[in-house]
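Here's a quick briefing to read with the structure open beside you. Take it one topic at a time and find each piece as you go.

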Amino acid sequence: MIVTKAITVKADEKMLLDSISYQFNKGIIYGIIGPNGAGKTTYLKVISGFLKPTKGMVYFQDNSITNPQRKIAVVWQKPYLLQTTVYNNVAYGLKVRGLSKKKIEVLVSDILQLFQISHLAKRKVANISGGESAKVAIARAVITSPDVLILDEPTASLDPQSVVDIEEIILNLKDKYKMTIIFVTHNMFQAKRIADITLLFNNGQFIEGQPTKQLFSNPTNEFTRKFLQLHQ
Amino acid sequence: MKKNSLLILPFVILILIFTVVSGCAKQNANQSMNQTLRLATTTSTVDSGLLDYLLPFFEDKYDIKVDVLAQGTGQALKTAELGDADIILVHARAAEDKFVADGYGVKRFDVMYNDFVLVGPEEDPAKIKGMSVQDALMILSSGESKFISRGDDSGTHKMEVSLWEKTGIQPQGDWYLSIGKGMGDTLIMTNEQQGYTLTDRATYLFMKNNINLSIVVEGEKELLNPYGVIAVNPKKHPDVNVDGAQKLIDFLLSDEGQQLISEYRVNDMQLFFTYQK
Amino acid sequence: MDIYSIFSNAIQFIFSGNQELYGIIFRSLYISGAAVAIAGFIGIPIGTWMGSRNFICKKFIIRLVYVFMGLPPVLAGLLLFLFLSRSGPIAKHVYILFTPTAMILAQIVLALPIVIGIVYSVSEEKASTVIMTSMGLGATRFQSLITLMLEIRYSNILALVTAFGRVIAEVGAVMLVGGDIQGNTRVLTTAIVLETRKGNFEMAIALGIVLLFISFIVNSLLFSWQYGGNKR
């Protein structure tokens, strides 16, 4: 689905990403963990096409990404909601793709239902809670049925109930739509809970990527072991 | 973003309204008057109310609308020199003659005159009432009282400068305020400062009720203030309305025009005088 | 001359139904309104775009815009006068000196830097967040700029109000390029100058009161709308 080949990103003299190669496959949830400054968000930006790597290539289903935005949806950390109604936010991705008003109405009401936020449709985003905002942000990203959903810290600074809700939603999306989901988290346990495969980054380097259970129960890599111990 | 784009709509409508309205306004102006004539003149002819009174007679008779630019002699001459006025009515003899000699104007005609007067506070602190202009200026230059000068290169200012020159005094110091304003502003300033100034009689009479100044020196030949009218030369600026300009000159010099000018009264006083023929 | 009677006469005069006075008011609104509307149509997209990306000499151009925000109206008027004069470069093709159109042009020159400057500074602040968000949802670069423009709509209004306040109260430029021709190019400010010069303080103050009133109305209308918009 997505292949990154020897991705290297340098800013000034600092090495942000050091020759990272990995292949993401369809219908799998990937959790990326690692300490601050590991390069997790930078990597997401490269995958989603917002950052041109200094060296290396990103392939999307065999094509070098030229217009990935139409197939990849991104929800940034602390997502910015457009200063209008919840409905307009969720409908945005469809509007920019030029869908008819009727189709948009149907799709939006479906997705609002799926996210259990139908009652918020007409509210201005200034008047909804943090957890609700996070749901809106994900809802408007997945409404265009992207092949890949990228989430940067989707539950950072949310209340526990909202965290549970959102994790449920993520699992749901995978089951229902066979979406590939790549998320970054600083919370190891979140990766443990919902990721099929967990990737560990440190200091711009890709340490290892293993099926989640294996990585947590039986880490082979020296750094992984230390990292997990430190955060247990 | 359909709903949001509605927010721009008021501005679109606004512009459309403006465009339509301005189109209509222009059409109306064109319909009511066949042509327009642009007259650059001094502030005194406008501020004294003379042109508001006089021009409607001309406009009705010839079906020409006169756009009046009240600018002060220096700016009026310059505007005409650039070709942005069709005709000028000013009072600065030397500058007018130069304007014609340089080829910017066709010919200068005497239209009317009024005179300059020296005005000051009612109590006349410098005690110059009834003196000759030169003696009065001599005393004022001692600096006991303020003297307010237009300082704007207008006809009045040019007259003031020439009077100082004749007296042989270079006016400068704290007492001499050159303010670069029109006659009305200068009189207001003089009133506020309780100083002295040189003004044309017309503007002074027109404003007399609003200020506390009286005439201290008047009636000398040196203080005569002739107004001349000059059509802008079409050889310099082919687009000027030379035909309308000639009609206005004819009108001003006609018996009717001359009579109207001499009959104009403000507060029962005659402001502009015509030449006996 | 006591101030009280001047004011009471002025107020009486405003409500006396004087056609010339209403003509002057309408003309002021028309000229400044048209100038600001046009400046908005040009300036808001430019300001938004400038805030959204880096380009050659950006810093220099920004500084230039800020300098022109404080452009003395008289200087603008004088330069425009010479430009539009029959002896100027364009008179052969179009001659508009001493017309309302010339005054609109002069006020556009004054309003444009203000609109661009204010819109730019807000756009700069929000550009990366909004563009990342909207492009992350599948918008094209152009669509994301439109979205950005709408996201900063209240600041855009503020820019227009600020510009309007400046140009309608400005006298130097309109006096020079308009010529204060009665019934044609006489607006509130030039009329105030004329009436003051004539010593008609009542009329001058009446006009001044109208000018203040217009500023008050425009400001309070738009700010109440902005307040309501943020709340809704």
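Chain C and chain B touch through 25 residues of chain C and 28 residues of chain B. Keep in mind that this is a predicted model. Chain C also touches chain A, and that contact takes 14 residues from chain C and 20 residues from chain A.

**Where chain C meets chain B**

- On chain C's side of this contact, α2 (19-52), α6 and α9 (188-198) each supply at least two residues.
- The largest share of that side comes from α2(C), which gives five residues.
- Sort the chain C residues that touch chain B by class and you get 10 nonpolar, 10 polar and five charged.

**Where chain C meets chain A**

- Here the contact is made by 14 residues of chain C and 20 residues of chain A.
- Two helices of chain C, α5 (100-136) and α6 (141-151), each supply at least two residues of the side that touches chain A.
- α5(C) gives the most to that side, with six residues.
- By class, the side of chain C that touches chain A holds five nonpolar, seven polar and two charged residues.

**Chain C on its own**

- What is chain C built from? Its secondary structure comes to 10 helices and zero strands.
- Read from the N terminus on, its elements go α-α-α-α-α-α-α-α-α-α.

**Helix pairs in chain C**

- A bit of background: two packed helices are described by the angle between their axes and the distance between the axes.
- For α2(C) and α5(C), the axes come within 5 Å and cross at roughly 30 degrees.
- The crossing of α2(C) past α5(C) is right-handed. Their contact has 22 nonpolar, nine polar and two charged residues.
- Helix α3 (residues 58-69) of chain C also pairs up with α5(C): the axes come within 8 Å and cross at roughly 130 degrees. That angle makes α3(C) oblique to α5(C).
- This time the crossing, α3(C) past α5(C), is left-handed.
- Which residues meet there? From α3(C) come C:Ile62, C:Val65, C:Tyr66, C:Phe68 and C:Met69, and from α5(C) come C:Pro113, C:Ile114, C:Ile116, C:Gly117 and C:Tyr120. By class, that contact has nine nonpolar, one polar and no charged residues.

**The sheet in chain A**

- Chain A has an open sheet of six strands in the order β6-β7-β8-β3-β9-β10, and the pairing is mixed.
- From one strand to the next, the twist averages 15 degrees.
- Inside the sheet, strand β3 (residues 29-33) of chain A runs parallel to strand β9 (residues 197-202) of chain A, and four bridges join them.
- To spot this pair, look for A:Tyr30, which stands opposite A:Ile197 in β9(A).

**Helices on the sheet of chain A**

- Helix α4 (residues 130-142) of chain A lies across β6 and β7 (148-152) of chain A, and it runs at about 170 degrees to β6(A).
- Helix α5 (residues 160-177) of chain A packs on the sheet too, touching β3, β7 and β8 (180-184) of chain A. The direction of α5(A) makes about 155 degrees with that of β8(A).
- You can check the length of α5(A) yourself: at 1.5 Å a residue, its 18 residues should span 26 Å, and its end C-alpha atoms are 26 Å apart, which agrees.
- After α5(A) comes A:Lys178, and its phi is positive, near 55 degrees.

**A helix pair in chain A**

- Helix α2 (residues 86-95) of chain A and helix α3 (residues 101-114) of chain A pack at an angle of about 125 degrees, with their axes 10 Å apart. α2(A) and α3(A) are therefore oblique to each other.
- Their crossing is right-handed.
- A:Tyr87, A:Val90, A:Ala91, A:Leu94 and A:Lys95 in α2(A) meet A:Ile104, A:Leu107, A:Val108, A:Ile111 and A:Leu112 in α3(A). Counted by class, this contact has nine nonpolar, no polar and one charged residues.

Key: Residues numbered from 1 in each chain as written. Chains lettered and ligands numbered in written order. Predicted model: local features only at pLDDT ≥ 70, side-chain atom pairs only at ≥ 80, totals over all residues. Axes fitted to C-alpha atoms, helices over the stretch in contact; angles between N-to-C directions. Parallel < 35°, antiparallel > 145°, perpendicular 65-115°, else oblique. Left-handed = near helix turned anticlockwise from the far one by under 90°. Contact = placed C-beta atoms within 7 Å. Nonpolar A, V, L, I, M, F, W, Y, C, P; charged D, E, K, R; others polar. Pairing = 2+ DSSP bridges. Expected span 1.5 Å × (residues − 1).
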